[in-house]
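Please keep the sequence and the structure in view while reading.

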Amino acid sequence: MGFVVAGLVVGFIVGMTGVGGGSLMTPILLWFGINPAAAVGTDLLYAAITKAGGVFVHQRNRNIDWKVTGWLAAGSVPASLLTLLALTLLPGDQHATNALIKNALGIVLLLTATAILFKKQLFAFASRHAGDGFHFSPARLNALTVLVGAVLGFMVTLTSIGAGALGTVALFLLYPLMATRRLVGTEIAHAVPLTLVAGLGHAGLGNLDWGVLGYLLLGSLPGIFFGSHLSGRVSDNVLRPFLAIMLMVIGYKLAF
């Protein structure tokens, strides 16, 4: 029952704010006593399934730039596979792997909280410099997109966090002229294959609890539905700082 409620709460927050899925779900699973590796693996497949529905909606509304999605995936999927390989070759026992994942979780949560807190300022900076030397040539832009994808692939595979807030901010810095709705749709479209590959990889390593995944989905699907209908009712200026501070506290405790 607790996992259903957790899925309901996280789904509601994601539906209302558009952020916070992995950032909240993985720490919640740790709080329930799930070991870090299993928490990450379970959250990755949870994200792949829940975001697949978002891709359908965004594609129907023509909010996905598939070219950018492809360049991101060209970096993230190989990086994800290499990260999974590195985890299998990591010396020591499962305890060492869990300790690494827990510390990495804390660091990425702190980065995510910072991105959420300063998102408006970062977007404003990118918009101001969209027409000057900040603009990259097509070849360099593609290369940087692949690089961003690779960094996201590593972070998401190791921690299940980063594709949302960090991915969106990175994309906007690279593509400041892209409409926000297309930016969000493109990020979600990229997150699905990344989290699916990483999640299945973790499942192959035994880092997945299928029962917990089912309970989370049972709660999150109605949570996302109701949260989406309340989107905009609560000021973004209240929600984002609250979410960012909460993630900073969790991240600090995990990392230090």
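Val40 sits in helix 3, which covers residues 36-60. The model is a predicted one. Val40 has a relative accessible area of 0%, so it counts as buried, the cut-off being under 20%.

Which residues does Val40 contact beyond its neighbours within four places in sequence? They are Thr26, Ile101, Thr157, Leu158, Thr159, Ser160 and His202.

## Ser160, a loop residue

Ser160, one of the contacts of Val40, belongs to the loop that links helix 7 (138-159) and helix 8 (165-174). Is Ser160 buried or exposed? Its relative accessible area is 10%, so Ser160 is buried, because the limit is under 20%.

The backbone of Ser160 has a phi near 70°, a positive value in a residue that is not glycine. Most residues other than glycine have a negative phi.

Thr112 is part of helix 5, residues 94-117. With a relative accessible area of 2%, Thr112 is buried. Its side chain reaches the backbone oxygen of Val108 at a distance of 2.8 Å.

Leaving out residues up to four places away in sequence, Thr112 touches Ser23, Ile161, Ala165, Leu166 and Leu247. Among them, Ala165 and Leu166 are buried residues of helix 8. How many of the 10 residues of helix 8 are buried? The number is 9, and the helix is mostly covered. The buried residues are Ala165, Leu166, Gly167, Thr168, Val169, Ala170, Leu171, Phe172 and Leu174.

Met1 lies in the segment before helix 1 (2-17). At 75% relative accessibility, Met1 counts as exposed because the value is over 50%.

## The chain as a whole

What secondary structure elements does the chain have? There are 11 helices and 0 strands. Following the sequence, the pattern reads α-α-α-α-α-α-α-α-α-α-α.

The chain has 256 residues, and 49% of them count as buried. Its accessible surface is about 12100 Å², with 71% of that area belonging to carbon and sulfur atoms. Of the contacts between residues at least 6 apart in sequence, 83% join residues at least 24 apart.

## Annotated regions

An unreviewed UniProt entry carries the annotation "transmembrane region" for residues 28-49, 70-90, 96-118, 143-176, 188-205 and 212-232. This labelling comes from the record.

Two of the annotated spans can be described in the model. Residues 96-118 are 96% helix and 0% strand, and the end C-alpha atoms of this span lie 34 Å apart. For residues 188-205, the figures are 94% helix and 0% strand, with 25 Å between the end C-alpha atoms.

How values were computed
Residues are numbered from 1 along each chain as its sequence is written. This is a predicted model: local features need pLDDT of at least 70, side-chain atom pairs count only at pLDDT 80 or more; totals for chains, interfaces and linings use all residues. Side-chain values use heavy atoms; hydrogens and water are left out. Helices (H or I, at least four residues) and strands (E, at least two) are DSSP runs, numbered from the N terminus. Buried means under 20% relative accessible area, exposed over 50%, partly exposed in between (1.4 Å probe, protein chains only). Contact means heavy atoms within 4.5 Å. Accessible areas come from the Shrake-Rupley method with a 1.4 Å probe; for residues, only the protein chains shown count as cover. UniProt positions are given in the numbering used here, feature names are shortened, and annotations may be inferred rather than shown by experiment. A polar contact is a pair of N or O atoms within 3.5 Å; within protein, one must be able to donate a hydrogen and the other to accept it, and residues adjacent in sequence count only if both atoms are side-chain atoms.
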